[in-house]
Amino acid sequence: MSEEKTVMELLEELKKETDWNPDEKTRETLVRRLIFSMIEG
Amino acid sequence: VKELMRRDIMSEMEKLYQERVQDIITTCNHKEPKRVPIMGKMSAWGIAYSGAKTRELIYNREMLVDKWTSFFKDIYLDCQFGFGIGIPMKMIWALESETFFISNDEVTIQHRENTPMLVEEYPELIKDPIAFMMNKIASRKFPALHKPYPENLEALKKAVLGLADLAGDSAAIIKRVREQYGVAPIVRSKLYAPLDVIFDRLRGFTGLAVDMRRNPDWLIEACEALYQHYMKNAENGLTGDYPFPVTTVHCPTFLGPKNFAKFFWPTYKKMLLRVKELGTQTFIFMEGSWKPYYDFLNELPPNCMIGNLDADDPIEAKKLIGDKITIVGGVPVNLMRYGSKQQCLDHAKKIIDACAPGGGFIFTTDKALLSAGDVKIENLIAVNEFVHEYGVY
């Protein structure tokens, strides 16, 4: 793991970055799905 | 003219789709529909049937939709459980994990048990399940998260886009199947049982067996903590009364009634009741045998659960739990593979005669179809055609 940021901090940053999806609500939904999929991965 | 014909077919298929959905909802409320609904449970089998390979389809949506849906033209179905590849391989690869992998047959996908939580970490799991499972567990499972910042962030970005692609693939397949065949998806959002999260993802067979004896209080508290998050996640995915939320249940068959009552049932029963309160019911794939737990299922209000049997006998289940639960079952895959066509048809008739009266029944195979050789295709075609014609109320 990066010494600088935890996975949760990275995920929060991912939610804010607009380059992969411009819509805030969609980003939030997809990041939530990513969290549950990572638990199952 | 072609466009008008296409629209006519689409509107005919949409009518068929709506009739099929109505039949499913009717039978799941223990009323007699027009016909016994027939459910498909094809996963990788759809790829095997088309002769394609999984890897080539992961990166080609158009080809995936064409190939995966090819069996619908040959096999009669009213509804289907699961569409497409189902496993987020692009996410797994983006995070450089090897937990899921494509088998040597180049079609089926397998999973290695990967449960890296230590027993002394229960208090952290209980305190904040999601933060613990991300900061501790995910970082143990996914090598890409160890890369220096911002490379690890880029890996997560690739992973989330891969996940979005998978959702897009499934949506494209569902659309094709609805428009071309009028076949409905029966399940949508996932309802994950808390004890199964611990069993499948955190502690595994050995860990859970030890925890039930040595750390029962931690285990109970962890289930409660996970319940909050998994229930909320399921609620976010609910879309009215249909399609149903789904659980594929794993650990109960290994527990026995005492441990089932103590560890599995309290939080999972709460989930089932909450889903019922929200106006729908839960479709459960009851892996292994659930016969030891039929008394627990009879505690539920009617029309709270749709139970897809695996190792249990549908006729006996109809008698013992059929007033409360919609029974989903039919001809075993083994009989479809090794039996004659007549044996399969005789078995299907026996099941329909016993399970269809009064509604509360959906016909399917006992197990999901994975590999090309799982059934003799002529048996499956004949059985579904027979049930479609014979299963009229």
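Predicted model: local features only at pLDDT ≥ 70, side-chain atom pairs only at ≥ 80, totals over all residues.
Student: How is a pair of aromatic rings described, and how many does the structure hold?
Tutor: The distance of the centres and the angle of the planes describe a pair. Rings of Phe, Tyr and Trp (its six-membered ring) pair if their centres lie within 6.5 Å; planes under 30 degrees apart count as stacked, over 60 as edge-to-face and the rest as tilted. Over all chains there are 28 aromatic pairs. In one, B:Phe81 and B:Phe285 have ring centres 6.5 Å apart and planes at 45°, so the pair is tilted.

Student: Where do B:Phe81 and B:Phe285 sit in the chain?
Tutor: Helices (H or I, at least four residues) and strands (E, at least two) are DSSP runs, numbered from the N terminus. B:Phe81 is in the loop between strand 2 (79-80) and helix 5 (89-94) of chain B, and B:Phe285 is in strand 8 (residues 282-286) of chain B. The pair links distant parts of the chain, 204 residues apart.

Student: Is B:Phe81 buried or exposed?
Tutor: Buried means under 20% relative accessible area, exposed over 50%, partly exposed in between (1.4 Å probe, protein chains only). B:Phe81 has 17%, so it is buried. B:Phe285 is buried as well, at 10%.

Student: Which geometry does the pair B:Phe199 and B:Phe205 have?
Tutor: Edge-to-face, because the planes are at 75°, with the ring centres 4.8 Å apart. B:Phe199 is buried at 7% relative accessible area, whereas B:Phe205 is partly exposed at 45%.

Student: Which residues form an aromatic cluster?
Tutor: One cluster is formed by B:Trp45, B:Tyr49, B:Trp68, B:Phe71, B:Phe72, B:Phe83 and B:Tyr181.

Student: Which charged residues lie over ring faces?
Tutor: The test is NZ of Lys or CZ of Arg within 6 Å of the ring centre and within 35 degrees of the ring normal. A:Lys5 lies over the face of B:Tyr149, 4.8 Å from the ring centre. B:Arg112 lies over the face of B:Phe101, at 4.2 Å.

Student: How many cavities does the search find?
Tutor: On a 1 Å grid over the protein atoms alone, a cavity is a set of points where a 1.4 Å probe fits but cannot get out, and a pocket is an open set with protein on both sides within 12 Å along at least five of seven lines; lining residues have an atom within 4 Å of a point. The search finds two cavities of 30 Å³ or more. The largest cavity holds about 80 Å³. Helix 8 (151-181) of chain B is among the elements giving two or more residues to its lining, and has the largest share, four residues.

Student: What lines the second largest pocket?
Tutor: Its lining has 16 residues; A:Glu28, A:Arg32, A:Phe36, B:Lys232 and B:Asn236 lie nearest its centre. The volume is about 390 Å³. Helix 2 of chain A gives the largest share of the lining, seven residues.

Definitions and conventions. Residues numbered from 1 in each chain as written. Chains lettered and ligands numbered in written order. Heavy atoms only, no water. Points joined across faces, edges and corners; volume = space filled by probe spheres on them.
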